[in-house]
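Hello,

My notes on it follow below.

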Amino acid sequence: MRELFDEATGQSPLDPQEAVRRHTRTPQRKRFYANAGIAEAEGGFSITLDGRPIRSPSGKPIVVPMRAIADAIAAEWSAQGETIDPLTMPVTRFANSVVEGVIDRVDEVADDAAKFLRTDMLCYRAGHPDTLVAREAAHWDPVVFWAADTLGAHFILAEGVVHVGQPEAAIKAARAAFPADPWAVAALHVVTTLTGSALLALALAHGFRDEDQVWAAAHVDEDWNIERWGIDEEVAARRAARLVDFKAAADILRGLMPAVG
């Protein structure tokens, strides 16, 4: 299985777009097993293929903390046809990334996601036209206000793309709301990179916004342009691929956050 899911170095151990590019270049392998199952393991659950637990590309055992995650991974393996297509297995790819690149460096991955707080998409607003300004405000203001009221993170809004420095106190307060569990941190990182907003990821993690609201908020500008100029098929295909990874990470994040705070 190594050649199928080898998460070689990229921009980030959890960069879904880079993962898709790598896997697209990887020849598909024929299905080599009959059944996928789940077994209890120390620390959680393992996923088995014909009774043998799966491992990460480097040979590390994959043990997931929740039965729901194990069920999702086993379902991905069960759904494969004559050949195995990693692009249809977002939770498996996610698990590989956690085991290979997150468990031993949780703080580093969390800090990487926290970098988005300095240039968070929600803080940079359009100055015109009024319809776009209003739409951004409708999707983004509630999250910014929630961060201020609930997390004590008061961010500065700016018009246009000129950089504005954010208060260190705001960044520190938002960073303190990050989970500590490696699986939740990994999911938060994926949601952050796919949406361009750590604030949206935090709103999802803490239950202030659901995944549909977060995905819509992440694409306000794009959707506004589509309404006026039409959709680009290549852009739409990339967005659909990102959505698969987003949904997998969002499900994991929402499932784990009550257990980790």
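**Strands first, then helices**

Strands E2 and E3 form a hairpin with two residues between them. In its turn, Gly 43 has a positive phi of about 90 degrees. Please keep in mind that this is a predicted model.

E2 covers residues 36-41. Six bridges join E2 to E3, and the two strands run antiparallel.

Strand E4, residues 52-53, pairs with E3 in the antiparallel sense over two bridges. Leu 49 stands opposite Arg 52 of E4. E3 and E4 also form a hairpin, again with two residues between the strands. Asp 50 sits in that turn and has a positive phi of about 50 degrees.

Strand E5, residues 63-64, is joined to E3 by two bridges. These strands run antiparallel. Here Ser 46 stands opposite Val 63 in E5.

How many residues of E3 are buried? Six of the six, across residues 44-49. The strand is therefore largely enclosed by the rest of the structure.

Now the helices. H10 spans residues 211-218. Its buried residues are Glu 211, Val 214, Trp 215, Ala 217 and Ala 218. Where do they lie around the axis of H10? They cover an arc of only 165 degrees, which puts them on the same side of the helix. An α-helix has 3.6 residues a turn, so residues three or four places apart point the same way.

The N-terminal end of H10 is capped by Asp 210. A side-chain oxygen of Asp 210 lies 3.1 Å from the backbone nitrogen of Asp 212.

The last item is Glu 227, found in helix H11, residues 220-229. Is Glu 227 buried or exposed? Its relative accessible area is 51%. The cut-off for exposed is over 50%, so Glu 227 counts as exposed.

Which side chains does the side chain of Glu 227 contact? One is that of Arg 135, through a polar contact of 2.9 Å. Another is that of Arg 228, through a polar contact of 3.4 Å.

To recap the points to check on screen:

- The E2–E3 hairpin, with Gly 43 in the turn.
- The E3–E4 hairpin, with Asp 50 in the turn.
- Glu 227 and its polar contact with Arg 135.

Best wishes

Notes:
Residues numbered from 1 in each chain as written. Predicted model: local features only at pLDDT ≥ 70, side-chain atom pairs only at ≥ 80, totals over all residues. Heavy atoms only, no water. Helix = DSSP H or I, 4+ residues; strand = E, 2+ residues; numbered from the N terminus. Buried < 20%, exposed > 50% of the residue type's maximum accessible area, 1.4 Å probe, protein only. Polar contact = N/O pair within 3.5 Å; in protein donor to acceptor, adjacent residues only side chain to side chain. Arc of directions from axis to C-beta. Pairing = 2+ DSSP bridges.
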